Structure formats: structure tokens, C-alpha cells
Amino acid sequence: MNWIVQHLWLIPALPLLAAGLTALAKQRHRKFAASLSIGSMIGSLILSCLAFKDALQHSGAGEVSRQYLNFKWFQFGDQWLKLGWVLDPLTAVMLAMVCFVGLLIFIYSVGYMSHDENFTRFFCFLSLFAAAMLGVVIANNLLLLFICWELVGLTSYLLIGFWYHKPSAAAAAKKAFITTRVGDLAFLLGIAWLYSQAGTLTFYDHGQGCLEKDGITKLVAQATAGGMAVSTGIALLIFCGAIGKSGQMPLHVWLPDAMEGPAPVSALIHAATMVAAGVFLVARVYPLMSGSPGGIPSGTAALQVVTWVGAITAVFAATIAVAQTDIKRILAYSTVSQLGFMMLGLGVGGIAVGMFHLITHAFFKALLFMGAGSVIHGCHDEQDIRRMGGLRKFMPLTFATYAVGMMALSGVPILFSGFWSKDEILHSAHAWKISHWPFYLAVFGALLTAFYMTRQVLLVFFGDYRIALGRITRTEQYSLEHAGVPAEEHPQSELAGAPHESPPSMTGPLVVLAVCSVILGFIGTPLWPWFQSFLTGEHLRFDGHALAKPDVLFTMILSVVVVTIGVGLGYWLYGRKPVATAEEADVLEAIQPEVFTLLRRKYYFDEAYDWAFVGLNRWWAKACDWLDSWVWNGLVQLCAYVVVGISWVNRVIDEYVVNLSFDEVCRRVAGGGNLLSRLQDGRVQRYLRIIGIALTGLVLVLIWGCRS
Amino acid sequence: MTAGFAILALLTVASAVAAMTLRNLVHCALALAVAFAGLAAIYLQLSAQFVGFAQILVYVGAVAILIVFAILLTRSGEPVAGSVFSGSWIAGVGIAAAVFAVLTAMIRSSRGLARRIPEPPQAAVRDIGDQMMSQYVLPLEVVGLLLTAALIGAVLIAMREKDRP
Amino acid sequence: MTPLSGYLILSAMLFAIGLAGALIRRNAIMVLVGIEVMLNAANLNFIAFWRYGHNPQALTGVMFVIFSIAVAAAEAAVGLALIISIYRHYKTTDVEKINSMKG
């Protein structure tokens, strides 16, 4: 057991410590908070790199190498609950990605949140989130993973609702928490079931873990009442947790609303880390899903469900993204769609396929979100793309990096990482024996991805700026009015209100991420599949003829064609004649208004949920309120009346019976005394008289007594 | 029932009644003295000579005079307005009559009274003295104590309280 | 000779008269007078029984009466002293008026 594996717990502990210390600091200690958080992330990054190096050294032996450390936590009965952490290739890549992207986002936040007065609180929550996410990654025990999972949910609630005085933000945070909670409920049931069947929740424990060979075979062998294998049942329940956290259908509704949070939050949580946690979870418990200890896909029911859910989500979210007008909301739906792709990849291709897309997606989606944040910051908090345009003149660096991200997401070939990772997914989907429909759906989704990203880029960065220059923005207007300047005297200069480029603290990370979006693609190409071999333990070899294989070539050419069609369609609709004014209707809306409205309103999912679940909740709350105020209240009142009645009876008894009797006795005694005292009045003649009478009486008694 | 006894009895009873009913208290006191004298004569008739003389010495000579002194000191000799009898004198008379009736009934119905009249006993003063010094010496001493106490007590009670300056 | 019962009836009569007087008269001194008469009646009873008793040599009756006379004298002295003291306090010898112990 080498040093890094023993001290793997330091990786989440450093940000946790930073969060704790920052929580104690006051709001004005900005430099302290920021430097503490960034410093802790740097520390975690260094440790993650050490862990990665260690995992590299132990890999390549033909099977996946895992090193873990378990310790006993507490004992109940004669069983011990063990917790621990594991270092295997999956952990290593996730650690590196989370720490690296997290560090970049932390640095970005320094610039983005510099005007916010709750700067310190933001960094406290960010550090806490990072700690929780890293805890999820290294956990070797399903219970520990669940604990950190819930912590991730909590911190995402805190971060989404960061501007809590905005009612929409508070509502969004609540929605996120509750929706993921629904998934977590099933997750918890899965945990309980697994514990009852397997007797342990530890993943890898010297052959006794629930994911190791003995555990898996036992779980696969047992069958539930419906003929389903126990492992499949548990896997499906755990997958429900992943559905909630990763925003798959039908629990996707929270993710677009979560854009109420600041842009770094969106980048961190909804691009790189939290939503990836769901995918990571599926990858972690893949032996349960596939029914075999390795990471190889099989045709189990659980994996089929994962595949279908992913495929449907991918297309569903992509269609909605086509009709959105908020720059971050387009990216949010895009995230949902890409997560669907990842789930699809996990289902058909195994751990390596899904995780490859997760890693590349983390980088270019974070890049896109941060770029969107830069755009918003530069346009003075404007988020509607209809009110933007021509921004490449004002923000060249942002435009360049954003374009790189967009091309990576769309899957523009060769240079960009998204192409290679998405290609792997398409390849595996094509090779799936059970059905070809996921493949068709994935292809359609890729087309839509290219289309809507092109639309967004054209509307935001090309054409002319649709807001009249010389007029100040709303925020500036409000601040001037607040200062007491009347409307006629507001400045009307030429450049007032013009968008501007963001400061280097914001554009620096953009550049770094853009570079990564390009480079990372090359670690997983069919020519040299280092990433796949690292994760699955297969032997790595450079295969020069890999690209020439017919199925590989087929999917590559197909994806190139799809991207071209998507980009071309976008350009044809939006690029030839740029949109002139902000109020002009969207081109698609003009063509098909009903369909467009349906997509714009997200298939009325929110309305349906509101009517069904929220309405049910409201009705139930009303029923409970009625019950409480009439039934329970009535009972309580009844009890109160009974008690009052008893006390009244008590009082009556006390007053009339006890008091009166007592008083009567006292009065009688006093009266008797009064009477008796009349005998003692000092009138001697009366005494004498009584003596005389008594004497007479006594003598008579004696006479008669003697006589008889 | 001899004539002497009858006369003496009548005298005693009459003077006793007079002592009880006369209006003027001094007259009552004098009537009382006559009653005591009558009783003394009856004692003489009963051969209790010492007792008879003692009766005259003590009762007539001291007690009656004492009563007269008391009447004088309490100004009871002055004429009283209203009745000298208390309000419910009938009850008192009734009670006295009842007592008398009972006693008489007892006396009459008793069979233990001796019919035979014995000889008059000899109660010489020497015998009385002998008895007093031998058998009844304790009561004698106690009576001496009693008389002393009564003397001191009477003086104390009747003494005029010192006026506080 | 007069039988014993005659003396006894005389004594009873005197006793009744004395009792009546003690009960009737308003003046405290007269109450005492009545008591003296009662005492004398009792003395007469003692002497009568001694005279007509079966052991006159013991002189029991005589001794009793002697002591009774002595005690009666003492008692009359103390009682009259009390009455004088009461007279000084209440300015009256009417027993009906000396009733501040009432009720």
C-alpha cells in the first residue's frame, strides 16, 4: 500500500477544510476565501496527479488494477460497517478531471463574482461542493458514496439558489433538490436491497466486496418474483438515482431551471461534475448492471433500460434546445442531451465509451458555459440571444474559445475531442445487437446538436448587435435612477452600453479549456485507444489500420456527414440573412409556429408536473390542513373541554361540598362553642340552680336504682 | 316529737325564712343570727354541748357580725329600688322544693333509721380534746393551715389596692 | 323523744330554705347567707346522726361538725372579702349585673 492510496482521503478533505475555514470568515475577507479555496483545489490537483501517476504505473497488466483501503467505522451486533476509498483507473481519470476543471472554474469565479457582495459565501459553497464531489469519486462503499451524493445535492441547492432573494432562483433550487430527491429515494431502496442480499456495501474488499466476482455471481443467480435477476433490480433502482442527478427523462425538469445560478455554478455543476456524477455512478456499479465483474457490456435488462433512457433523452432534449432563446438554457438542454449520449454509450459500449465522452464533454461544456458567462458579463447581464448579435467584434477572445467549444460539441472531425468521443458512442450503438433504434436516435441527436449550436453561435456572435448603442442598459438605468438622476440627463454617448471583453481572470481559463478540448480527443482515437485500455485493462497497442476497418470507417464518415448537414442547415436558416432586430420572430417559428411553440415550452413538461404532482401535493396539503384544523383540532378542543369540565366539577365540589361542609362544621363548632359559652356567664345563681337540679336528678336515679 | 323540739324547730325555720326573704339586708342578718341561735339550742338538746357553744361563738359571734360588716362595707344596707329577688325566682323556689321533696321522700321511705332511741351520749370536752389530739391531729393541723391561708387570703383580697403615684 | 327522722326533716327543710335563698336573692351577700344556712343544715344532720347512731363514743359526728364550723367560718371570711373586692370593682353587689363573662 503506497503513500498516495493511504492518503487518498486528503483529496476531498482539503476543499472541505477550506470550506470550513471560509464559513467562519466574514464577507469582507475576499482574498482570504478565494486564496484558501483555490489553494485547496491546487493541493487536491497535485494529489490527484500523484494518484493518476500511481494508477498509470499499476495499469496495463492485462486487467484493471485496483488499490483500496477499507477501515472499520462502527460495529453493530457482530458486524462491522466498513468505509473506504478505492484508486482504480476510473477514479483516477475522474479525480484528474474534477480537480482540473474545478480549479479553472474557481479561478474564473474570482473575476465573475468580483462585483457580488456574497463573494466569500460563494467560495465556501464551491469548496464544499468540490469536497463532496471528490468524495463521491473515491468512495469504495455505496453508503459513503450515497452520503457524499446527498452532500453534492445539498451544495448544488445552495449554489443554484445563491441569489436567494430572487424568487425564481429560490424556486429553481427547491425544484432541483426535490427532483433529485425523487431519484435518490429509489437509490436508497436499491442500497437497502443490495445490503440485504449481499450483506456488504463495500465495492472491493479482498474478494468479499459486492462488485467482485463472488458477490456478482450470487446476485445474478438470485431472481426476484418477476423473474428478474436481483442484480438487475438493484441496478435499476440505483440507475433511478442517476436519472435524477444526471437529468435524464423524466427527471430532467430541474436542469434548465438551475441556470438561475451564476455562470460558474452552471459550468461546474451542470457541465463537468454534478451531472457527471450520475454517469459516474453507473460506471462505478457497472458490474451490477452488466452482471459480470468486468466493465464489458452485456445484454442485461438493466443495461437495455439505461440505453433506451439515454437515447430518448438525447433526442428529446436536443429538440427542445432548438427553440430556446436563453443562452444558458440552450446549453442546459444540450447538457441533458449529451448526458443521454453518455448513458447510451455506457449501455452499448461499456465503461470506457461512456466515460470518454464524459471527460471530453466536461471540458468543452465547461468552456461553453464559462464562455456564455463571459458573454453575459460583457453584455451587462443580458441573457437573451435575440438581444445579442455581432459580439465577435466586441469580444474576440471569447468568440474564439466559444467557437472551439461549439465545434467540439457538434463533433467537427479530427481536431476536436467531441468528434472522437461521440464517434465511439455511435460505433458501439451501431454494433449493438439488440436493436438499431438507439443508433438512429443517436445520429438524429448528433444532427440536432450541430444544428442548434450553429444557430446559437450565429445569433450571438454574427450579424449586428441588435441593441441600439447609445442607450444604456437597464441595470445602468436603474442605478442612475437610484442615484437620483432624472431620465433626461442619462448619458447618451456612442459607446455607452456597448458589450466589452471580459477580464483575463475570466478569459484565461477559457483558453486553457479550449486547448484541452482539442488535445483530449487524441487519447481515445481508434488508432491508439489509450483511454479505453486504461479503463478496461486491455492491452494497448497502436493500430495503424484501425481507421480502415469497415465499421469504424462507416461511422466516421456518417458522423462527418451528419455534422455537415447540421451546420449547413443552421447556416442556411440563420446565417444567410442575419436577424435584424431583437423582436423579430425566429425563422423556424415562422415556418412551423405550433411545433416551435411546443418545443419552446419544453413539451409542457413543467406544466404537466405542476398539474399532477404539485397539484396533488397541494391537494394533499389542503386535506391535511382540513384534517388538522377540524379533526385534530376538534379532538384537542374536546380534550380541553373535558379537562375544563373536570376542573369545573372539581371547583364545584371544592367550593360547595368541601368548603361548605368544612365551613359548616366550623360554624357548628363555633355555634356550639357559642352556646356552651353561655353556660359560663358568671351568673352564680344559675350555676347553683343547675347544681340543684342535678342533685335532685341524681338522688332520684339512686333511689330508683336501689329500689330495683 | 317533744314540744321543745317543735318550738325550736319552728323558730329556726321561721327565722331562716325571714333571713331569706326580708327586704332590708340588716334585718336579714339579724334573722340569720336568730336562726343560728335556734340551731345552737337544738344542738344542746341533742347533747352536743360543745358544738352548741361553738356554734354561738363562731357563727353568731363571728360569721353574723362579719356579714353585717360586709353589708356595711358594700352599702347594701341602703334601700334597694326594685325587687330583691332575681327574675326567675320561681325556678329557684321550684328547685328548692324539688330538693326538699326528694330528701323527704328518701327519709320517709328509709328503713335503716333506728326506731329505738338510745341514751344520750357523753361528749365531754376532755374527750373531744383527747380525740382531737390523738386521732384527729392531722385534720386539726390542716384546718390550722386552712385558717391561716384564709386569713391571709381574705386580707389580701379585701385590701385596698395601692394607688399608683 | 323526737325520732331521728324529725331532725332529718328539719335539716332538709333548712337546706331547702337555704338553697332557695341562694337561688333567689339578688345580693351576693344573701347568696352567702343562704350557703351558710345550708352548711348549718348539714351540721345539724351530722349531730343528729351522731346522737342517734350506734357508736357515739367515737365522737365522729362532733369532730366533723367542729371542723365544718371552722371551715365554714374561713370560707365565709374569704367569700365576703371577695364580695367586698368585687363591690370595689363593679360598684354593685347585684349578681345579675356581674355577668361580663357572658357569651
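Reply: Helix H12 of chain A passes H16(A) in a left-handed crossing, where left-handed is the term if the near helix is turned anticlockwise from the far one by less than a right angle, and right-handed if clockwise. The model is predicted, so that local features need pLDDT of at least 70 and side-chain atom pairs count only at pLDDT 80 or more, while totals for chains, interfaces and linings use all residues. Residues are numbered from 1 along each chain as its sequence is written, and chains are lettered from A and ligands numbered from 1 in the order in which they are written.

Me: Why is H12(A) called roughly antiparallel to H16(A)?

Reply: The axes of H12(A), residues 274–284, and H16(A), residues 351–378, come within 10 Å and cross at roughly 160°. Axes are lines fitted to C-alpha atoms, for helices over the stretch in contact, with angles from 0 to 180 degrees between N-to-C directions; angles under 35 degrees count as roughly parallel, over 145 as roughly antiparallel, 65 to 115 as roughly perpendicular and the rest as oblique. The pair H12(A) and H16(A) is therefore roughly antiparallel. On the H12(A) side the contact is made by Ala276(A), Val279(A) and Ala283(A), and on the H16(A) side by Ile351(A), Gly354(A), Met355(A), Leu358(A) and Ala362(A), two residues being in contact if their C-beta atoms, placed from the backbone, lie within 7 Å.

Me: What makes the contact of H12(A) with H16(A) one with no charged residues?

Reply: Asp, Glu, Lys and Arg count as charged, Ala, Val, Leu, Ile, Met, Phe, Trp, Tyr, Cys and Pro as nonpolar, and the others, Gly among them, as polar. By these classes the contact has seven nonpolar residues, one polar and no charged.

Me: How do you know that H14(A) and H20(A) are roughly parallel?

Reply: H14(A), residues 301–322, and H20(A), residues 437–461, pack at an angle of about 25° with their axes 9 Å apart, and they are therefore roughly parallel to each other. H14(A) also passes H20(A) in a left-handed crossing, and by class their contact has 13 nonpolar, four polar and no charged residues.

Me: Why is Leu59(C) called buried, whereas Ser47(B) is called partly exposed?

Reply: A residue is buried if 20 or more other C-beta atoms lie within 10 Å of its own, exposed if 12 or fewer, and partly exposed in between, with C-beta atoms placed from the backbone. Leu59(C) has 24 such atoms and is therefore buried, while Ser47(B) has 18 and is therefore partly exposed. Leu59(C) has a positive phi of about 55° although it is not a glycine, and it lies in the loop between helix H2 (28–52) and helix H3 (60–90) of chain C. Ser47(B), with phi near 65°, lies in the loop between helix H2 (25–45) and helix H3 (49–73) of chain B.

Me: What makes the pattern of chain C α-α-α?

Reply: Helices (H or I, at least four residues) and strands (E, at least two) are DSSP runs, numbered from the N terminus. Chain C comes to three helices and zero strands, and reads along its sequence as α-α-α. Buried residues make up 59% of its 103 residues.

Me: Which helix gives the most to the side of chain B that touches chain C?

Reply: H3(B) gives the most, with twelve residues, in an interface where 69 residues of chain B are in contact with 58 of chain C.
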